[in-house]
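Please examine the structure shown below, and then follow the explanation through its parts.

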Amino acid sequence: MLITNLLQAQTMPADSLKEPAAVLDQTIRTIIQTPVDQLISTGLEHGVKFGLKILAAILIYIIGAWLIKKIKRIIRRICERRSLDASLTSFLLSFTSISLSILLIVTTISVLGVDTTSFVALLAGSGVAIGMALSGTLQNFSGGIMILVFKPFKVGDYIEAQGYSGTVTAIEITSTHINTPDNKKIILPNGALSNGTINNYSTTGIRRCNWDMSIPYGTDLEKAKSTGLAIIRAHKAVVNDPAEPHVYLTEFGTGYVTLSFRCWVKVDDYWDLFFDINEQIYNEFPKNGLYAPVPKMDITVKNS
């Protein structure tokens, strides 16, 4: 048999196969000694088997490519229904396409009889090396995905996070950009942002505005309360839902008490209201005989 002869040639002692020419010569001699009809039948047998493998590989590749396109369409529809960010949608589609294409190629090659163990091990090793080298970037990357999927805030929201507060101007896959009230651009890494506390002032559309006013002991408390409430209620930006403006006595200090005035306002009007009321309190309280406490120090001098 041809296969037996070839196997015998391959298992010859090492001394007789020291030179490549000896191996080639032995192989040729084995083929010459094999009858022609056996060569033809063996060639046809292996040709048919290899042809079937090629056909199976082609069918697997065609079906796999069709399935990849189908999966990408499904993912796109899901992203559109959930109104996901365009950058996240593009990343998910690209990641899915590349991952499934690599899997399809490896499967197709393995059907042809090629050993893919080394190839898969190489891919796994490369993935580990890249992951270790880009650990910080990958953390920001995964944080960006979490933010884009779960949407704790969106572009245009006023948030406070990582010690900064401002309006969100852009949400990228690795970082979030905000503009502070004094027009500074802050870029926050999404890794720390997604794992930290986020205070989103724009979620409900309204915020509570607070003013703390200190007055000396002995001041007419009711007069101070009514004066402050009248100033706040008269402002057009104040809203009465979920509660009307109100005031509490919140602190007994050394030489003074503190009144806390509170009201609700739309997020967009917050700073205008806050600064307007500050100015009006400064102007109107003295007109009504209401003054802020002045720090005092009593010094007693004793003659010796």
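**Salt bridges and strands**

Lys225 and Glu222 form a salt bridge, with their closest N and O atoms 3.9 Å apart; a salt bridge is a side-chain nitrogen of Lys or Arg within 4 Å of a carboxyl oxygen of Asp or Glu. Side chains of opposite charge can pair when their charged atoms come close. Because Lys225 and Glu222 lie three residues apart in helix 8 (residues 221–233), about one helical turn separates them. Glu222 is exposed, at 52% relative accessible area, while Lys225 is partly exposed, at 24%. Here buried means under 20% relative accessible area, exposed over 50%, and partly exposed in between (1.4 Å probe, protein chains only). Helices (H or I, at least four residues) and strands (E, at least two) are DSSP runs, numbered from the N terminus.

This is a predicted model, in which local features need pLDDT of at least 70 and side-chain atom pairs count only at pLDDT 80 or more, whereas totals for chains, interfaces and linings use all residues. Residues are numbered from 1 along each chain as its sequence is written, and side-chain values use heavy atoms, leaving out hydrogens and water.

The structure holds four salt bridges. Among them, Asp157 pairs with Lys154 at 3.3 Å between the closest N and O atoms, and Asp157 is buried at 6% relative accessibility.

Strand 3 (residues 175–179) has four of its five residues buried. Strand 3 runs antiparallel to strand 2 (residues 164–171), joined by four bridges; strands pair if DSSP finds at least two bridges between them. Five bridges join strand 3 to strand 4 (residues 185–189), also antiparallel.
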